[in-house]
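Welcome, and take a moment to look over the model before reading on. We will walk through it one part at a time.

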There are 2 protein chains.
Amino acid sequence: LEQGNLEGAKSLLVPVQPVDIAEAIEGLPQSMQVIAFRLLVKEEAIAVYEQLDSMVQQSLIEQFKQQEVRDIVDEMSPDDRARLFDELPAKVVRRLLEQLSPEERQTTALLLGYEEYTAGRIMTPEYISLKESLTVAQTLERIRTLATASEIVYYLYVTDAFRHLVGIVSLRDLVLSSPEVTLGEIMAKEIVSVNTNDDQEDVARVIQRYDLLAVPVVDKEQRLVGVVTVDDVIDILQQEATEDIYALGGVQSDGDNYFQTSLITVARKRVMWLLILLLTNTVTGTIIKSQVGLLEQMAILTAFIPLLTGTGGNVGAQSSTVVIRGLNTEDIMDLGAGQVILRELMAGALLGLALGALATVWAYGLQGNWLVSMSVGISLVAIAILASVAGSALPFVFRSFGLDPALMSAPFITTAVDVIGVLIYFSIARLILGL
Amino acid sequence: LEQGNLEGAKSLLVPVQPVDIAEAIEGLPQSMQVIAFRLLVKEEAIAVYEQLDSMVQQSLIEQFKQQEVRDIVDEMSPDDRARLFDELPAKVVRRLLEQLSPEERQTTALLLGYEEYTAGRIMTPEYISLKESLTVAQTLERIRTLATASEIVYYLYVTDAFRHLVGIVSLRDLVLSSPEVTLGEIMAKEIVSVNTNDDQEDVARVIQRYDLLAVPVVDKEQRLVGVVTVDDVIDILQQEATEDIYALGGVQSDGDNYFQTSLITVARKRVMWLLILLLTNTVTGTIIKSQVGLLEQMAILTAFIPLLTGTGGNVGAQSSTVVIRGLNTEDIMDLGAGQVILRELMAGALLGLALGALATVWAYGLQGNWLVSMSVGISLVAIAILASVAGSALPFVFRSFGLDPALMSAPFITTAVDVIGVLIYFSIARLILGL
């Protein structure tokens with residue numbers, strides 16, 4: 001183990017009895033105990049934990065906080081970590097979370113084994129779980145002793161002997177019930193809960209949809225391990241909205257406050273998109289270069305390039321903005337991708353015709369050649385339709401590949417439409433002008 | 001009154017005693033009673049309401065719901081309405097809100113006299129207010145009888161004889177206290193409350209900042225009139241984020257679900273920005289037209305216009321995105337406008353230098369003339385700096401004029417940078433190429 005041979009260590013631990021493993025772990029140096037424990041698969045971890053001396057249980061919990069242990073884990077490859085660290089037993093999670101400050105939870109997150117941005121990472125252990133045989137009067141008595149330790153007493157969670165969540169009683173229901181009935185009689189059995197590895201955004205949507213003050217978090221075996229409260233959810237929704245907005249503006253977001261990061265970080269957050277867009281723009285440049293012959297004959301055609309690519313880009317940005325936000329807030333749910341794209345196509349055609357008519361008149365006013373003006377107007381209609389379809393379809397394409405639709409950002413669609421817009425314009429102009 | 005002479009009616013009512021006014025109101029035809037009542041200034045309204053026959057009180061409340069009454073009010077000019085309708089007495093608000101469904105509250109909002117998007121519009125009457133002399137045991141008894149009617153029992157509001165909010169007791173504190181103490185002894189006296197005419201976004205921020213489940217709403221005289229709950233706040237924050245995102249994408253937002261509106265509405269929401277942008281783009285076109293002589297000599301210069309305007313637009317969009325979001329979430333608060341713009345200027349210079357170097361090399365590869373390539377590179381640096389400054393400064397300018405910074409949307413900055421970018425490019429190219 002000390003040589004970092006984890007697979008070997010794991011295979012050695014597997015075939016023996018929990019009590020033997022527990023003894024073996026107790027014999028290890030402190031910083032190795034926790035690593036050895038984390039190598040166990042979940043079912044074994046439960047059994048072994050029960051067998052450990054209570055001193056060692058305590059020291060195990062202590063070790064989650066230690067830098068030395070985190071360093072060892074940090075050096076493993078991410079794959080190794082993910083494969084070796086199973087979910088922790090509910091009991092250990094509770095004990096662990098109770099002893100960690102929110103900051104410590106962040107730094108020990110690696111050892112906790114929950115992915116970033118999941119329910120497991122944002123849950124708190126400050127909940128009250130009780131047995132269903134308790135009466136209302138006994139419960140109120142218990143709450144009086146427990147509640148100072150736990151902030152969230154508005155819901156009480158009823159669990160069975162195996163920590164499975166079997167019911168929820170709100171403090172309101174408790175107060176309204178007569179003292180002698182049991183929790184089992186008044187608890188709500190239709191439980192809305194989330195899983196430890198659910199995305200934090202999904203957790204927020206659950207709380208939002210059911211107007212909850214808190215939602216219980218359970219592990220794979222439906223054991224209660226924590227709760228997520230509504231005040232955390234507000235911050236999460238806010239943060240997710242900021243991320244969406246940044247993505248739409250072509251800025252990378254990683255949860256930091258943009259205004260508190262260094263200039264280098266700011267540049268790093270922004271340069272990736274700009275490079276991609278620069279690359280796309282070089283394509284537009286190359287297309288224009290290939291048409292230098294046409295432009296030398298008709299230099300005035302150049303005057304309309306910004307108008308066409310600009311308007312096309314804006315139409316596309318509008319479509320992608322509404323579709324991306326619709327996908328993220330689930331406003332769009334009842335419409336299929338086909339319907340949404342068709343609607344955007346029609347809206348694009350409508351807008352294209354209105355703007356195209358205006359642009360034709362303006363183009364004639366600027367240079368007095370009807371053929372050039374018509375080329376501009378017709379191109380604008382075609383570009384608006386194309387931009388609407390691309391702007392609304394690409395977020396769906398991104399999503400179907402499992403990517404965040406917000407990556408299909410407004411700058412991206414703006415630049416993409418530039419390329420195709422210029423191509424369309426030159427083709428139509430050549431056709432109409434006969435060049 | 002029936003001839004719509006409101007000012008006259010009001011002046012007639014003013015000098016007499018409340019009991020006389022009450023009698024006069026009782027003598028009016030039903031649909032006029034409520035109008036006459038709404039003409040009273042607040043202090044009088046309280047006194048008159050107390051004097052009214054309870055049958056008439058009830059019928060007054062009923063009339064708030066009636067279409068006929070709303071029609072009369074609808075026909076007044078908005079100025080008249082705002083001047084004549086004072087805040088309602090707290091007692092009437094409570095009675096009224098209790099009898100109205102949330103939909104009815106929207107339609108009678110005119111008569112309620114609260115502006116749209118204020119705390120007055122989103123508050124609910126489902127709260128429990130109690131006197132401070134009650135003991136915990138008496139309170140629990142009261143809650144048992146009241147709570148079925150009121151959803152939000154997690155906070156109890158303590159009011160004095162004049163409905164002034166004097167303290168708050170959480171259900172948690174109530175359960176944890178011994179039965180014989182009074183509410184006055186356990187209530188929190190540091191009250192966080194909002195005013196009826198506070199903006200709903202500010203209400204949301206208060207709940208978010210203090211991690212509350214509900215916040216009490218008081219009128220100008222600090223009388224309790226309603227509460228706003230955390231679940232409504234989540235929806236408001238969500239809606240405000242959608243509005244910001246739409247504004248950034250150049251789509252007007254009015255709270256409707258975009259995907260449930262007609263095609264005409266969709267086009268209307270989008271056409272305004274597109275027209276503004278089309279207009280800005282015609283300026284770019286006009287500038288290019290004025291340079292046709294240059295372009296006829298050097299048609300290859302055209303190939304770099306999309307690259308320069310595109311990159312400049314993207315840099316500007318990034319700056320405006322982070323600044324607008326920063327202003328709306330108050331992340332930016334501790335930095336002044338000057339600092340933010342300076343930071344963006346430096347970031348723009350950094351990005352401009354990196355991208356400019358790349359663009360110079362690429363431009364040389366495309367056409368083999370170092371002078372043209374240098375013109376492109378130098379223009380890109382200048383445009384990036386300018387775009388960063390404009391993108392970060394304009395939201396502050398908009399805000400200082402009392403406008404929503406989000407109006408300074410990404411499409412707007414993109415198009416504005418087009419205009420100036422083309423000007424810079426041609427000037428630098430002429431200078432370097434000596435044309």
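Predicted model: local features only at pLDDT ≥ 70, side-chain atom pairs only at ≥ 80, totals over all residues.

**A guided walk through the model**

One of the pairings to find is that of A:L130, whose bridge partner in β2(A) is A:V158.

As background, strands of a sheet pair through backbone hydrogen bonds, and they may do so either parallel or antiparallel.

Further along chain A there is another open sheet of 3 strands, with the order β4-β5-β6 and mixed pairing. Here the edge strands are β4 (194-195) and β6 (224-229) of chain A, each pairing on one side only. Strand β4(A) runs parallel to β5 (residues 214-218) of chain A, and 2 bridges join them. Look for A:N195, whose bridge partner in β5(A) is A:V218. Helix α15 of chain A, residues 200-210, packs on this sheet and touches β4, β5 and β6 of chain A. The direction of helix α15 makes about 135° with that of β5(A).

Let us turn to the charged pairs. Over all chains, a search of the whole structure finds 10 salt bridges. In one of them, A:R325 pairs with A:D244, and their closest N and O atoms are 4.0 Å apart. This pair links distant parts of the chain, since A:R325 sits in helix α19 (residues 305-329) and A:D244 in helix α16 (residues 230-248) of chain A, 81 residues apart.

Finally, see where the two chains meet. How many residues does each chain bring to the contact? Chain A gives 100 residues and chain B gives 101 residues. About 9000 Å² is buried between chain A and chain B, with carbon and sulfur atoms giving 68% of that area. Between these chains the count is 2 salt bridges, including one in which the side chains of A:R270 and B:E344 meet at 2.7 Å, N to O. Helix α17 (residues 263-290) of chain A supplies the largest share of the side of chain A that touches chain B, with 18 residues. By class, that side of chain A has 56 nonpolar, 28 polar and 16 charged residues.

Definitions and conventions
Residues numbered from 1 in each chain as written. Chains lettered and ligands numbered in written order. Heavy atoms only, no water. Pairing = 2+ DSSP bridges. Helix = DSSP H or I, 4+ residues; strand = E, 2+ residues; numbered from the N terminus. Contact = heavy atoms within 4.5 Å. Buried area = accessible area lost by both parts, 1.4 Å probe. Nonpolar A, V, L, I, M, F, W, Y, C, P; charged D, E, K, R; others polar. Axes fitted to C-alpha atoms, helices over the stretch in contact; angles between N-to-C directions.
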